[in-house]
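Colleague: I would like to go through this model feature by feature. Please give the general idea each time, then the case at hand.

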Amino acid sequence: MTQSSSPVVERVDDKCRYEILVDGELAGFAAFRDRGAQRVFHHTEIDDAYAGQGLASHLVQQALTDTRNAGKRIVPVCTYVAKFLQKHDDFADGTDPVTDDVRTWIGSVLGN
């Protein structure tokens, strides 16, 4: 039996996302776009092969911690990030609400 290493979360700026790696393999990501002093999280995804291991929670916690440390405000357009924030109020003071303006902006940035 082999023991897998701890998951590693990295911010990949040229892809505008945080990636979580397990044994060097991409297991998922949390996508964002920066809007001034805000970091707008719009999608989180974990590969089915890694489902049920708590990786999404680990990924989002690390991404939000990095965002706060960078002095950015969190905007949770992504439903997973929004649900995570409901359970983890330690990020509440650094979170902005999702407004129609933000939704319109992210849609235009993503070409939706």
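Colleague: In which helix does Thr 67 lie?

Modeller: Thr 67 lies in helix H1. Some conventions come before the rest. This is a predicted model, in which local features need pLDDT of at least 70 and side-chain atom pairs count only at pLDDT 80 or more, while totals for chains, interfaces and linings use all residues. Residues are numbered from 1 along each chain as its sequence is written, and side-chain values use heavy atoms, with hydrogens and water left out. Helices (H or I, at least four residues) and strands (E, at least two) are DSSP runs, numbered from the N terminus.

Colleague: Is Thr 67 buried or exposed?

Modeller: Buried means under 20% relative accessible area, exposed means over 50%, and partly exposed is in between (1.4 Å probe, protein chains only). Thr 67 has 0% relative accessibility and so counts as buried. Contact means heavy atoms within 4.5 Å. With neighbours within four places in sequence left aside, Thr 67 is in contact with Tyr 18, Arg 39, Phe 41, Lys 72, Arg 73 and Ile 74.

Colleague: What is the strand order of the sheet?

Modeller: Two strands pair if DSSP finds at least two bridges between them. Here five strands form an open sheet in the order S1-S2-S3-S4-S5, and the pairing is mixed. S1 (8-12) and S5 (73-76) are at the edges with a single partner strand each, so one side of each has no neighbour in the sheet. From one strand to the next, the twist averages 30°.

Colleague: In what sense do S3 and S4 pair, and over how many bridges?

Modeller: S3 and S4 are antiparallel, with eight bridges. Phe 32 stands opposite Phe 41 in S4. The two strands form a hairpin with two residues between them, and Gly 36 in the turn has a positive phi of about 65°. S4 (residues 38-46) and S5, by contrast, run parallel and are joined by four bridges. In that pair, Val 40 stands opposite Val 75 in S5.

Colleague: Which helices pack on the sheet?

Modeller: Axes are lines fitted to C-alpha atoms, for helices over the stretch in contact, and angles run from 0 to 180 degrees between N-to-C directions. Helix H1 (residues 55-69) packs on the sheet and touches S1, S2 (17-22), S3 (25-35), S4 and S5, with its direction at about 165° to that of S4. Helix H3 (residues 100-110) also packs on the sheet, touching S3, S4 and S5, and its direction makes about 120° with that of S3.

Colleague: What is the handedness of the unit made by S4, H1 and S5?

Modeller: A crossover is right-handed if, with the strands pointing away from the viewer, the path from the first strand over the helix to the second runs clockwise. S4, H1 and S5 make a right-handed β-α-β unit.

Colleague: Which residues of H2 are buried?

Modeller: An α-helix has 3.6 residues a turn, so residues three or four places apart point the same way. In helix H2 (residues 79-87) the buried residues are Val 81, Phe 84 and Leu 85. They cover an arc of only 100° around the axis (taken from the directions from the helix axis to the C-beta atoms), which puts them on the same side of H2. Thr 79, Lys 83, Gln 86 and Lys 87 are exposed on the other side. The cover over the buried residues of H2 includes S4, H1 and S5.

Colleague: How many residues does the largest nonpolar core have?

Modeller: In soluble globular proteins, nonpolar side chains tend to be buried together. A nonpolar core is a set of buried Ala, Val, Leu, Ile, Met, Phe, Trp, Tyr and Cys residues joined through side-chain atoms within 4.5 Å. The largest has 19 residues, and Phe 41, Leu 64 and Val 81 have the most contacts inside it. S2, S3, H1 and H2 each supply at least two residues of this core, and H1 gives the most, with five. Another core, of five residues, lies apart from it and includes Val 75, Val 77, Val 102 and Ile 106.

Colleague: Where are Cys 16 and Asp 23 found?

Modeller: Most residues other than glycine have a negative phi. Cys 16, in the loop between S1 and S2, has a positive phi near 50°. Asp 23 is in the loop between S2 and S3, and its phi is also positive, near 50°.
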